[in-house]
Amino acid sequence: MEEYTFLAPLLLTIGGLIIGAILKSLLKHSRLPYTVGLFAIGIILGVMNRTGVFQSLPELHDAVSSVANINPDLILYLFLPILIFDAAYELNLHIFKKTLANATLLAAPGLIICMLLTGALMMGVATFIPGFESWTWAFALMFGALISATDPVAVVALLHELKTSKRFSTLVDAESLLNDGTGIVCFMLFFGAYAAGEATHASPVITFIREVGLSTLLGFLLARIVIWFITRINSEEMVQNSVIILAAYLTFILSQYYLGVSGVIALVAFGLTVTYVGKPRLKPQVNTFMEHFWELLTYIANTLIFILVGVVIAEKVDFSWGALGVLILIYIALNLIRFAMIMLLYPVMKRLGYGLTKRESAILTWGGLRGALAMTLALMVSYTPAIPEDIRSQVLFFTAGIVTLTLCINATTMRALLNRLGLTHVPSARTMLAYRIEKSIRDNSEKYLEGLKKRDALEGANWHKVESYMTAQPQEPAKNPQNKAMLPEIRLRVLDKEKAICREIYEEGVISKPVFLRLMNSLDELYDHDGNYPLNVRTSIFKFCQRTDLLNTLRNIPYLQNWMTFYFRERITVVYDLGRGFIILQKGSLKLLDDLRASEWVTGEQDSVLDTLREEINDNINRMSAFINNLADNFPKAYGHALTIKSIRMLLSNERRTVKQLINNGMLSEKDAKRLLDDIDERTDEINSFSHTFTASFLRWLFFIKKKKVYRN
C-alpha cells in the first residue's frame with residue numbers, strides 16, 4: 001500500500017496523458033475543442049468516483065480522490081510557469097508590440113472595470129436573493145477579481161486552426177497573458193488579509209502599483225542575467241534550455257513565495273524579455289529546439305490541468321437547483337459585463353495599434369473563457385478557514401459553474417459565431433490561387449498514375465483502390481477574381497518567399513543576426529498592409545542605409561577621411577551586409593514570379609499583375625545596387641573590410657553545407673558532424689563578435705583621450 005501511494009501520482013499522470021492522446025486523435029477532425037473534451041473527461045471521472053462507481057477499485061478511487069483534494073498551490077507553482085512562459089515565447093513580437101496597447105487596456109483598466117461591476121452584481125444578489133446575506137464588498141470584489149481573468153486556450157487554438165487574423169489571435173493571447181498577473185494582484189488585495197489572518201491598512205492602489213512595479217523589475221533583471229549567461233556559455237541546446245526552464249520557475253517561486261509580489265507578472269516580464277532580447281541572440285537551432293520543447297511541455301500541462309479541473313469540480317462542488325438558477329444569472333451577467341467593458345474601451349481601442357472592428361469586439365466578448373487560473377484561486381478560497389464556510393462554498397460553486405459554462409457554451413459555439421460574422425471569410429483571390437494549386441497537384445497525380453498503370457511490374461494492382469488515395473478533385477470557385485484583387489494576394493506570396501529565403505541565408509551564415517532582424521522587420525511592416533502596399537515601399541531598409549550619408553559628408557574634411565573610414569567600418573559592414581542580403585531576397589522574388597508565370601496558377605490575363613510586381617522588385621534591386629556602388633566609391637577601405645567579412649561568411653557557409661550534404665549522403669553520422677558544425681559555429685561567432693570588439697576598443701580609446709585631456713587641464 002505504501003508502495004502504491006508513492007506510484008499513484010505518476011500512474012495518474014501517465015493515465016491522464018494517455019487519455020489526452022486518445023482524445024486528441026479522436027477530436028482531430030471534430031468541431032469540439034480538444035480542451036473542452038479533456039474537461040468533460042475530468043468531470044465524468046469525478047462524477048463516477050463521487051457516485052461510488054470506483055468503490056470496487058480502491059486504487060483508482062484513492063487516486064481520483066487525491067486529485068480532488070490537490071493543493072491549489074501545486075497547480076499555481078507547477079503548471080502556471082510553463083503556460084505563461086510558453087505564451088510569451090510564442091508571441092510574434094512585431095504583432096505583439098502593435099497589439100500591446102489594446103491588450104494592456106483590456107488587462108488592466110478592463111479587468112478592474114469587470115471586477116467592480118461583478119462585485120456590484122454579487123452585492124445585488126446578496127441584497128435580493130435569500131441565502132447570500134454573508135457577502136460583503138470585500139468578498140464580492142475578491143470573487144470579481146478571480147472570475148474576471150480570462151483563459152481563452154480553446155478560443156486561441158480555434159483561431160489558429162481556422163487561420164483567422166494573426167493580429168486578432170495575438171490580441172486575445174496577449175490579453176490573457178497580461179490579465180493573469182493583474183487578476184492575481186487584484187485578488188490578493190482582498191484575499192491576502194484572510195490568508196494571513198490579519199488585516200492590512202495599506203492603500204489598495206499603492207499596493208497594486210508596488211506589486212506590479214517590483215514584479216516587472218524582478219522579472220526583467222532575472223531575464224537579463226539569464227540572457228547574459230546563456231549567450232556566454234555557448235553550450236548545447238539542452239543546457240541552454242535547462243537554464244531557461246530553471247530560471248522561469250525560480251522567477252515565479254522567488255517573487256510569489258519569498259518576496260510576496262506577483263509571480264505571474266514577474267514571469268510575464270521574464271518571458272517577454274527573454275523573447276524580445278534573448279531569442280534573436282540565440283542560434284537558430286537553439287530557438288527551434290526551444291519551440292518544440294516548450295510546445296511539448298505546454299501540451300502536457302494543458303492536458304493534465306483541464307482533466308484535473310474537471311475532476312475537482314465534479315468532486316468538490318455541491319449542487320442545488322436554487323444555486324443553479326443564480327449561477328445562470330451570474331453567467332449571463334458576466335458576458336454582459338465583459339461586453340460593456342469592451343464597448344467602453346472600444347472608442348480608444350479602434351484607434352490603437354491595428355485597431356479593433358465591431359465584429360472582432362463581439363468575438364472578444366464571447367471568447368472571454370474562464371479556466372484553470374480562476375479554479376485555482378477559488379480552491380485557495382475554499383481552503384481558507386478565515387473565510388465563512390458559506391462564502392467558500394458559493395465561490396467554489398460559482399467559479400466552477402462559470403468555468404464549465406464558458407467552456408461548454410462559449411468555446412463550442414465560437415466556430416459558428418466566427419462563420420456568422422464572416423471572420424473566417426477567405427478572399428476570392430486566395431480561394432482561386434488555392435484552387436489552382438490543388439488542381440495542379442491533382443493533374444500531376446493523374447499523369448503519374450497513368451504512367452504507373454503502364455508499368456509491367458505493377459500489373460495486377462487494384463487501380464481503383466490506388467486512385468481512391470489521390471487528392472480529391474478541387475471545386476472551382478464560382479467567382480473569378482479581378483487583377484486588382486490578385487495583386488495584393490500575390491504580393492503576400494512574394495513576402496512569404498522572402499521570409500523563407502531570409503531564414504535560409506541566416507541559418508547558412510550568409511547574413512548576420514542584426515541584418516536578419518532588420519530584413520524580417522521590414523517584411524513584417526509590409527505584411528501589416530495585407531499586400532496593398534507596393535513591394536518597393538521598404539522605408540526602414542533604405543532609411544537605415546541612408547544614414548551613412550553623414551559619413552559621406554564628413555569624409556571630405558581634411559585629416560578625417562581615413563579616420564572615418566577606419567572607425568566606422570563596422571557600420572558600413574552592416575549596411576553592405578544588409579544591402580547584399582536584400583538583393584538576394586529580391587532575386588528570389590523574381591525567381592518566384594518566373595515560376596508563377598510558367599505555372600498554371602496565374603492565367604494569361606493576369607500576367608499584367610506579374611509585370612507590375614516585377615517592376616517593383618527591379619526598382620528595389622536598382623536602388624540598392626546603386627547605393628552599394630556609391631558605398632564602394634566613397635569608403636573603399638571599409639568596403640574592402642565588408643567584402644572580407646562577407647567572403648569569410650560565404651566560406652563558412654560552404655563548409656556548413658558540405659557537412660550537411662555528407663550527413664544526407666550517409667558519409668558522416670550526425671554525432672560526428674556535431675563536432676564539425678560546432679567548430680564552424682565558433683568561427684562564425686568569432687567573425688560576428690570581431691566588429692563589436694573593434695567598436696569596444698574604439699570607445700576605450702576615446703575614454704583614454706578624454707581622461708588624458710582632463711589630466712592635462
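Mentor: Helices are DSSP runs of H or I with at least four residues, strands are runs of E with at least two, and both are numbered from the N terminus. This is a predicted model, where local features need pLDDT of at least 70, side-chain atom pairs count only at pLDDT 80 or more, and totals for chains, interfaces and linings use all residues. Residues are numbered from 1 along each chain as its sequence is written, and side-chain values use heavy atoms, without hydrogens and water.

Trainee: How many helices and strands does the secondary structure of the chain come to?

Mentor: By those DSSP runs, the chain has 28 helices and zero strands. Of its 713 residues, 47% are buried, meaning under 20% relative accessible area with a 1.4 Å probe and protein chains only.

Trainee: What makes the largest cavity a cavity, and which residues line it?

Mentor: On a 1 Å grid over the protein atoms alone, a cavity is a set of points where a 1.4 Å probe fits but cannot get out, and lining residues have an atom within 4 Å of a point. Here I75, L76, F79, L80, I305, A372, L373 and T376 meet that lining criterion for the largest cavity. α4 (72-78) and α16 each give two or more residues, and α16 gives the most, with three. The volume is about 40 Å³, and a search of the whole structure finds one cavity of 30 Å³ or more.

Trainee: What classes make up the lining of the largest cavity?

Mentor: Seven residues are nonpolar, one is polar and none is charged. Ala, Val, Leu, Ile, Met, Phe, Trp, Tyr, Cys and Pro count as nonpolar, Asp, Glu, Lys and Arg as charged, and the others, Gly among them, as polar.

Trainee: At what angle do the axes of α2 and α17 cross?

Mentor: They cross at roughly 145° and come within 10 Å. Axes are lines fitted to C-alpha atoms over the stretch in contact, and angles run from 0 to 180 degrees between N-to-C directions.

How values were computed
Buried < 20%, exposed > 50% of the residue type's maximum accessible area, 1.4 Å probe, protein only. 1 Å grid on protein atoms, 1.4 Å probe; cavity = no way out; pocket = protein on both sides within 12 Å on 5 of 7 lines; lining within 4 Å. Points joined across faces, edges and corners; volume = space filled by probe spheres on them.
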